[in-house]
Amino acid sequence: MIIGIDLGTTNSLAAYYTEEGPKIIPNRLGERLTPSIVSIDENDQVYVGRSAGERMAVHPDQTASLFKRSMGSRKEFTLGKRTFSAEELSSFVLRQLKEDAEIYLGEPVTEAVISVPAYFNDIKRKATKRAGELAGLKVERIISEPTAAAIAYGLFQKQEDTRFLVFDLGGGTFDVSILELYDDIMEVRAVAGDNYLGGEDFTNVILDSFLEKHGIDKNECSQKERSYLRNQAEKAKCSAGADSFFRMQAVFRGDRLESLISRKDFEKKTGQLFDRIKQPVRRSLSDAGVRIRDIDEIVLVGGTTKMPAVRRFVGKLFGRVPDTSVNPDEAVALGAAIQGAMKERKSSIREVILTDVCPFTLGTEVSVKIEGDRLEGNHFCPILERNTVIPASRTERFYTVSDHQTRVEIHILQGESRFASNNVSLGVLSLTVPDGKAGEQEIDITYTYDVNALLEVEAKIRSTGETVTKLIKNQENDMTLEQMQKRMQELSYLKIHPREKEANKVLLLRGERLYEETTGELREQLEAVTRQFERILDRQDPDRIEEARKDYEEALDWIEEELWLE
Ligand code: AMP
């Protein structure tokens with residue numbers, strides 16, 4: 001069975017394809033979203049999702065979130081006594097999604113289509129693929145989130161040429177994509193985005209205003225306090241209605257505190273964020289060579305597009321109501337599942353050829369003539385421009401720059417800066433050319449970028465016909481097969497918390513968190529109900545446990561509410 005996975009910054013989810021269309025796979029708690037949070041306890045027990053989220057408040061030093069932002073980087077996350085990369089933490093999330101899907105579907109799940117932000121570069125895409133492999137999944141394809149969302153909206157079923165703009169504002173990333181559908185071909189025309197813009201920034205606005213109102217210095221808060229306050233700000237953000245206030249409440253060092261932000265105030269405080277949103281929108285339109293009025297459909301994706309303020313902004317910016325018929329949290333996973341089914345060539349799906357684009361410009365370093373014959377190095381010469389539809393191949397001719405030059409070094413670069421040194425170096429291709437005058441030797445350089453984001457660079461010396469090629473595999477974080485298998489084995493010792501105990505554990509962890517937040521009588525009551533629940537768990541009678549869990553949950557709900565009342 002092949003499933004579609006949306007590996008999100010804040011939440012992840014999986015979907016599968018049925019004859020009636022794609023469906024979300026509920027997790028072990030019966031929920032559709034699994035928070036992308038990982039926690040490891042002293043006994044090397046791994047928690048993923050809500051249980052890890054509860055542990056975040058009490059054991060922040062053993063818990064990690066938002067690691068997708070560091071995917072493919074060398075950043076290390078320390079959880080207790082162990083360290084992990086972002087892709088390893090992601091592999092735990094994927095492992096749990098796989099396990100949950102297998103139980104739900106009643107069959108092994110071995111393959112997946114995993115989505116990534118359209119703006120993810122090659123290194124990050126490869127890291128995502130490896131995360132899947134570390135989780136024991138064969139990654140059939142890495143698909144861009146907007147492409148998946150467009151598929152979920154059934155946009156590929158439209159009859160005529162249509163242009164879509166997918167506006168994807170998630171927890172930590174923002175992507176705009178312009179897609180065009182013609183003759184059964186879905187083409188991604190342009191992508192633009194910001195890897196550091198998302199719902200978290202709106203949460204920060206609410207949090208900062210709370211801290212400011214109460215004169216709390218964030219730097220003086222413990223990590224535990226910070227994560228608790230952030231949680232409360234997040235709650236305030238998600239529970240605001242269309243016209244209402246953002247009301248943040250928290251118990252801080254024994255005091256019950258509250259802050260209110262009006263809609264007008266919020267718009268003022270988030271003005272800069274909305275300005276930042278406009279930039280990639282503009283860039284994607286200009287890269288695709290289209291105007292706002294040429295766009296036929298606007299699709300909203302990502303949890304943050306549920307915010308009324310964001311919907312109002314998009315409506316105003318584009319002068320029309322965006323399509324929100326699919327839940328913006330679920331569109332990407334559903335689309336990835338459809339893509340998976342397409343791969344298996346399920347008959348109920350119309351064949352669509354998807355094309356992708358190269359998300360950044362690839363080129364080389366050159367010297368240019370300035371003032372007469374003086375040469376200046378460090379200039380960037382683009383060969384494959386960003387947003388070129390891939391697979392793509394392009395050849396440019398270059399010349400030797402000095403007399404008796406016999407060596408040519410082709411510096412392979414990725415980036416958008418005019419200057420070579422500001423761009424990312426992917427490698428160097430060296431060749432020997434016959435002796436001659438400056439400009440006498442001609443070298444044809446061909447860049448070929450394929451759908452798997454592999455770049456092949458070929459240099460051909462015209463006078464001799466000799467060619468040299470180099471394959472760029474983004475060596476930065478590449479592991480050999482043996483290294484990968486070794487790491488897989490190491491990680492497999494870390495067991496994910498047993499699924500049948502998860503619901504009880506989430507409640508116990510919630511009890512633990514509330515214990516820290518309560519005092520006095522409420523705390524005593526909490527202690528009593530927790531003890532009672534633990535006693536029943538010890539007796540191991542499933543029916544009794546089921547009933548006790550409900551009682552315990554009700555008690556926790558009551559205690560949590562009590563915290564705000566009075
Ligand atoms: P995603 O990365 O697409 O999972 O989006 C997660 C982001 O969406 C988080 O920052 C959430 O706080 C935000 N979010 C989810 N639901 C809502 C809601 N009802 N209102 C506002 N923001 C939301």
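**Exercises: a buried helix, a core and a ligand site**

Helix H10 is largely enclosed by the rest of the structure, because 12 of its 13 residues are buried (under 20% relative accessible area, 1.4 Å probe, protein chains only). The model is predicted: local features need pLDDT of at least 70, side-chain atom pairs pLDDT 80 or more, while totals for chains, interfaces and linings use all residues. Residues are numbered from 1 along each chain, and side-chain values use heavy atoms, without hydrogens or water.

**Exercise 1.** Find the buried residues of H10.

*Solution.* Start with the range: H10 is a DSSP run (H or I, at least four residues) covering residues 331-343. Next, list the buried ones: Ala331, Val332, Ala333, Leu334, Gly335, Ala336, Ala337, Ile338, Gln339, Gly340, Ala341 and Met342.

**Exercise 2.** Identify the residues of the largest nonpolar core that touch the most other members.

*Solution.* Take the core as buried Ala, Val, Leu, Ile, Met, Phe, Trp, Tyr and Cys joined through side-chain atoms within 4.5 Å. The set has 59 residues. Leu165, Phe167, Leu229 and Phe266 touch the most other members. A second, separate core of 40 residues includes Phe92 and Val139.

**Exercise 3.** Locate polar contacts (N or O pairs within 3.5 Å) between protein and ligand oxygen atoms.

*Solution.* Take side chains, then backbone. An N or O atom in the Glu234 side chain lies 2.4 Å from a ligand oxygen. For the Lys237 side chain, the distance is 2.8 Å. A backbone N or O atom of Thr304 is 3.2 Å from a ligand oxygen. Finally, check the helices: H6 gives the most to the shell, three residues.

Key: Buried < 20%, exposed > 50% of the residue type's maximum accessible area, 1.4 Å probe, protein only. Helix = DSSP H or I, 4+ residues; strand = E, 2+ residues; numbered from the N terminus. Expected span 1.5 Å × (residues − 1). Polar contact = N/O pair within 3.5 Å; in protein donor to acceptor, adjacent residues only side chain to side chain.
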